[in-house]
Amino acid sequence: NAGVTQTPKFRILKIGQSMTLQCTQDMNHNYMYWYRQDPGMGLKLIYYSVGAGITDKGEVPNGYNVSRSTTEDFPLRLELAAPSQTSVYFCASSYGDKAFFGQGTRLTVV
Amino acid sequence: AQRVTQPEKLLSVFKGAPVELKCNYSYSGSPELFWYVQYSRQRLQLLLRHISRESIKGFTADLNKGETSFHLKKPFAQEEDSAMYYCALFGGNQFYFGTGTSLTVIP
């Protein structure tokens, strides 16, 4: 049972580059989330989705885009990477009151 | 508006001492409260939920609706309890997380 899988685990980007953080879950959950965790800080919600084709902004959506074409996948897109986006990114899915997290993607923008 | 507040970013206690991690919430309905834990370089995982009224790894948490609190407690801290702890509220089909408390247990 894979649960929530994120790729890549680590990435270094140069300022202005773009990339997509992948997230997939095999539990058929409707709700999926993207959070960022800055050093010494808590989780901040970037975007979330309540089902395929439906996404909405969280607390810190600027500089990011998401899509949800399938129930399984919820990729997070950075179009023009900035140093302020250096963080650890967590994807999560939930069903009812049960949330499951991916292992995180550590992103450094230099 | 829904909100989860963890007033302490950092908390240090000595091994064997009691520990309490504070969590207050704001929610108009009847919330479900959780504690999640993140050990070093691992993913977040559920520690306990208020509905279960269980003790996990010696931790307990009581939902106090009058004070809108859900503090996490353990009578005798262990070194392996050092981790990041997040209080979370589930309501309106969404999760809301606090900013987390980093607990360090000093040997």
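Across the interface of chain A and chain B, the rule finds zero salt bridges, a salt bridge being a side-chain nitrogen of Lys or Arg within 4 Å of a carboxyl oxygen of Asp or Glu. The model is predicted, with local features needing pLDDT of at least 70, side-chain atom pairs counting only at pLDDT 80 or more, and totals for chains, interfaces and linings using all residues. Residues are numbered from 1 along each chain as its sequence is written, chains are lettered from A and ligands numbered from 1 in the order in which they are written, and side-chain values use heavy atoms, with hydrogens and water left out.

**The interface of chain A and chain B**

- On the side of chain A, 21 residues are in contact with 19 residues of chain B, where contact means heavy atoms within 4.5 Å.
- Between them the two chains bury about 1,700 Å², 51% of it on carbon and sulfur atoms; this is the accessible area (1.4 Å probe) that two parts lose on being put together, summed over both.
- In chain A, the residues that lose the most area to chain B are A:Leu43, A:Asp97 and A:Phe101, which together account for 34% of what that side buries.
- The rule finds four residue pairs in polar contact across this interface, both residues being at pLDDT 80 or more; a polar contact is a pair of N or O atoms within 3.5 Å, where within protein one must be able to donate a hydrogen and the other to accept it, and residues adjacent in sequence count only if both atoms are side-chain atoms.
- At least two residues of the side of chain A that touches chain B come from each of strand 4 (31-37), strand 5 (43-51), strand 9 (87-95) and strand 10 (98-101) of chain A.
- Strand 4 of chain A supplies the largest share of that side, namely four residues.
- By residue class, the side of chain A that touches chain B divides into 11 nonpolar, seven polar and three charged residues, with Ala, Val, Leu, Ile, Met, Phe, Trp, Tyr, Cys and Pro taken as nonpolar, Asp, Glu, Lys and Arg as charged, and the others, Gly among them, as polar.

**The fold of chain A**

- Chain A has zero helices and 11 strands, where helices (H or I, at least four residues) and strands (E, at least two) are DSSP runs, numbered from the N terminus.
- The radius of gyration of chain A, 13 Å, agrees with the value near 13 Å for a compact globule of 110 residues; the radius is taken over C-alpha atoms, and the globule rule is 2.2 Å times the number of residues to the power 0.38.
- The C-alpha trace of chain A spans about 40 × 25 × 20 Å along its principal axes.
- Of the 110 residues of chain A, 47% count as buried, with buried meaning under 20% relative accessible area, exposed over 50%, and partly exposed in between (1.4 Å probe, protein chains only).
- Among contacts in chain A between residues at least 6 apart in sequence, 53% join residues at least 24 apart.

- A:Ser87 lies in strand 9 of chain A and is buried, with a relative accessible area of 4%.
- The side chain of A:Ser87 reaches the backbone oxygen of A:Gln37 at 3.0 Å, and a polar contact of 2.7 Å joins the side chains of A:Ser87 and A:Asp38.
- A:Asp38 in turn meets A:Arg36 in a side-chain salt bridge (2.8 Å, N to O), and both A:Arg36 and A:Asp38 are buried.
- Not counting residues up to four places away in sequence, A:Ser87 touches A:Arg36, A:Gln37, A:Asp38, A:Thr105, A:Arg106 and A:Leu107.

**Other salt bridges**

- The side chains of A:Glu79 and A:Arg77 meet in a salt bridge of 3.3 Å, N to O, and A:Glu79 counts as partly exposed at 39% relative accessibility, as does A:Arg77 at 29%.
- In chain B, a salt bridge of 2.8 Å, N to O, joins the side chains of B:Lys74 and B:Asp81; B:Lys74 counts as buried at 10% relative accessibility, and B:Asp81 is buried with a relative accessible area of 3%.
- B:Glu20, B:Lys22 and B:Lys73 are joined into one network by salt bridges that share partners.

**B:Gly100**

- B:Gly100 is found in the loop between strand 10 (94-97) and strand 11 (101-106) of chain B, and is buried, with a relative accessible area of 1%.
- B:Gly100 and B:Tyr86 are 14 residues apart along the chain, while their C-alpha atoms are separated by 4.5 Å.
- Leaving aside neighbours within four places in sequence, B:Gly100 is in contact with B:Gln6, B:Glu8, B:Lys9, B:Met84, B:Tyr85 and B:Tyr86.
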